[in-house]
Amino acid sequence: MKSGEKSIDLGGRKLIAMRDVQDAVTAGATSIAVAASSVVTPSARDFLQQHGIELVTEKAAGGSQQAAQPATAAVAAPAAVNRRLFSSPEAEAIKKEICAVGRKLWMRQFVDGNGGNISYRIGPNEVLCSPTLVSKYDLTPDDIGMTDIEGVQIAGAKPRTSELLLHLEIYKAVPEAKAVVHCHPPHATAYAITGRVPPNLIIPEFEVFVGKVAVSPYETPGTQAFAETVLPYVKTHNTVLLSNHGIVCWADTVTHAEWYAEVLETYCWTLLIASQLGVPISQISEKQGDDLLAIKKKLGLPDIRFDASRMKECQLSDLEVPGSIALAPTPCDGPRSRSASASDGDLESLVKSVTDAVMDAMGK
Ligand SMILES: [Zn+2]
């Protein structure tokens, strides 16, 4: 070891959480040694990475050291480790955050009855989640359970939400997704039940935090088929409208996932109000939109418009109906719903009948 370097040995611990690595770094560690069987929480790994601290795994008996396994490796932990993780300070903090977010969702009327659900991927194979049949207003930390990445409950007194399968598919498809929030905000759900998406280039905050929303096809909630409907979209969209149901958002934290639900809902609501003013909604320019996309890229948020090869298919719908607040999804944002095609037909026949009536009146 070079001078100025200091390795702190945490090999005796089965679970290494944020507080453990913070203490080691405060004590001057430039590297941390852990046992091969230790579970290092994602927050602890992120903290070490941010501070340039090396994480080395000790071999069991007199072997040499090697770089630790990546956080994404899904390996089932023993029951005792699960219990420690479930009651660790980090898990307790996230349980409180899930409850606070649940209350925000209820206060903003994004959930009704026992609707909506919230989860956080606390380990490579461990997910904290809200229970079934509890109002999000009434959630307490004791209600939060923990499952493995396949949805099998491994801790907590109350049964997990039936819609967890949706969250798990997102975690498996998108390694950056640490938190998922599913809810039914009324104005965004109005888009979801018409199979339409809101237009872009109107409000900067929406462009940066959400940008493009996708629409996934309808399937019965709680089923594996439903969970898989979002898979074509979640890598390139952090927010998806679930046809005839609600919305789902993923982020790096539970709080941020709830922010995206708020940003989308307020955007949809504002568009609906503006559409009643009787004057066209003004859009910002493509160039100004590019400036916002650059900010978004710096924040590390996903957007399908970063993929230049798919840009054209993303823009088709925006050009199709200038000034409309409800657009048919483009190929990059989801399937055109049957109701969308039907209302296109309705609109065409309405335009034809109005035109015929005007021509008749002019002829008289
Ligand atoms: Zn739902």
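Analyst: A residue is buried if 20 or more other C-beta atoms lie within 10 Å of its own, exposed if 12 or fewer, and partly exposed in between, with C-beta atoms placed from the backbone. Helices (H or I, at least four residues) and strands (E, at least two) are DSSP runs, numbered from the N terminus. This is a predicted model: local features need pLDDT of at least 70, side-chain atom pairs count only at pLDDT 80 or more, and totals for chains, interfaces and linings use all residues. Residues are numbered from 1 along each chain as its sequence is written.

User: OK, so how many of the 14 residues in α10 are buried?

Analyst: The count is one, so helix α10 is hardly covered.

User: What comes just after α10?

Analyst: Gly300, with a positive phi of about 75°.

User: Switching to the sheet. What's the strand order?

Analyst: The order is β10-β9-β8-β7-β11-β14-β13-β12, an open sheet of eight strands with mixed pairing. Two strands pair if DSSP finds at least two bridges between them.

User: And which strands stand at the edges?

Analyst: β10 (153-155) and β12 (214-216); each has a single partner strand, so one side of each is left without a neighbour in the sheet. On average, neighbouring strands here are turned by 25° against each other, direction ignored. Axes are lines fitted to C-alpha atoms, for helices over the stretch in contact, and angles run from 0 to 180 degrees between N-to-C directions.

User: Is β11 mostly covered or mostly open?

Analyst: Mostly covered: five of its five residues are buried. Ala179, Val181 and Cys183 point one way, while Val180 and His182 point the other.

User: What does His182 stand opposite?

Analyst: Val248 in β14, and Asn117 also stands opposite His182. β11 runs antiparallel to β14, joined by five bridges, and pairs with β7 in the antiparallel sense over four bridges.

User: Which helices pack against these strands?

Analyst: Helix α3 (residues 79-86) is one of them, touching β7, β8, β9 and β10, where contact means C-beta atoms, placed from the backbone, within 7 Å. The direction of α3 makes about 70° with that of β10. Helix α5 (residues 164-173) lies across β7, β8, β9, β11 and β14, running at about 140° to β8.

Terms used. Two residues are in contact if their C-beta atoms, placed from the backbone, lie within 7 Å.
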